[in-house]
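Dear colleague,

Please find below the structure for your review. My notes on its ligand site follow.

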Amino acid sequence: MNTFLTLDYEQETDLPSGFVDDVRTPEAYVRHFLREHSEPGDTVFDPFAGFGTTLAVAAELGRVPAGVEYETDRAEFVRDRLGSEHSESLVHGSALDLADFDLPAFDCCLTSPPYMVAGMGVDPLENYAGESDYGRYLDQIGDVFAQVRDLAAPDASLLVDVSNMKHDGEVTTLAWDVADAVAESFRFEGEVVVGWEGEEQPERDGGSYGYGYDHSYCLVFAAEGGG
Ligand SMILES: C[S@@+](CC[C@H](N)C(=O)[O-])C[C@H]1O[C@@H](n2cnc3c(N)ncnc32)[C@H](O)[C@@H]1O
């Protein structure tokens, strides 16, 4: 496994009209890691499907997509994006309730959770609507990935796209803390640093994604030996 690579921070499609927050993982990232960690015919899962990048790239590569998304309009968009062949692949609901849904076993899960900055006070797992705190957020992330573990095939991989954050001069070690929460259920195999290149990459300082967003991580986990 290469532990450092550079990719173009390029969204291959425009953010659909009516949406403001571009929380998407660039397709190049998803394509790279799905090629490394899955085979044609494998089921690829994303419990935080967002605008469906993981699921769309999975379908493009001949994998079987499956996912969950909380936001109604994003879920509808994903179903449209996947087309009739995969319209049943997306569940509209909360990843905190994975055990309640009829989801297939997966061979590879590639996901990016909703991010939180310590001290933020709102709940990322309700798309920043309710109240929360950083400790509760990390407990909920641990809870989601414990349920993800129950859906994993024995030799499944889990890949988590996450970054540390800096806001108002304070660093939130989100990548480290998410890694700890996920490692309660999966075996951590290491991180890949993804350096972002190209004109579209978010501002390095003071941008909405803050410090460090000239790079991201892919945290790599295995189901085998986890939990
Ligand atoms: C970082 S974004 C994922 C973006 C995705 N990788 C893409 O490329 O479009 C996280 C997503 O998780 C969703 N989300 C937040 N809370 C959730 C929950 N409880 N269950 C499922 N999805 C949730 C958000 O609505 C958001 O779309």
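How many residues line the largest pocket, and which of them lie nearest its centre? The lining comprises 48 residues, and Val23, Pro113, Pro114, Tyr115 and Tyr128 lie nearest the centre. This is a predicted model, in which local features need pLDDT of at least 70 and side-chain atom pairs pLDDT 80 or more, while totals for chains, interfaces and linings use all residues. Residues are numbered from 1 along each chain as its sequence is written, and side-chain values use heavy atoms, without hydrogens and water.

A pocket here is an open set of points on a 1 Å grid over the protein atoms alone, where a 1.4 Å probe fits, with protein on both sides within 12 Å along at least five of seven lines; lining residues have an atom within 4 Å of a point. The largest pocket holds about 980 Å³ of space, taken as the volume filled by probe spheres set on the points. Among the elements, β7 gives the most to its lining, with 3 residues.

The ligand sits in the largest pocket, that is, more than half of its atoms lie within 2 Å of the grid points. Of the 23 residues around the ligand, Phe51, Thr53, Glu69, Arg74 and Ala95 come nearest; a residue counts as near if one of its heavy atoms lies within 4 Å.

A ligand oxygen is 2.6 Å from a side-chain N or O atom of Glu69. Ligand nitrogen atoms lie 2.7 Å from a polar backbone atom of Ala95 and 2.9 Å from one of Leu125.

Yours sincerely

Conventions. Polar contact = N/O pair within 3.5 Å; in protein donor to acceptor, adjacent residues only side chain to side chain. Helix = DSSP H or I, 4+ residues; strand = E, 2+ residues; numbered from the N terminus.
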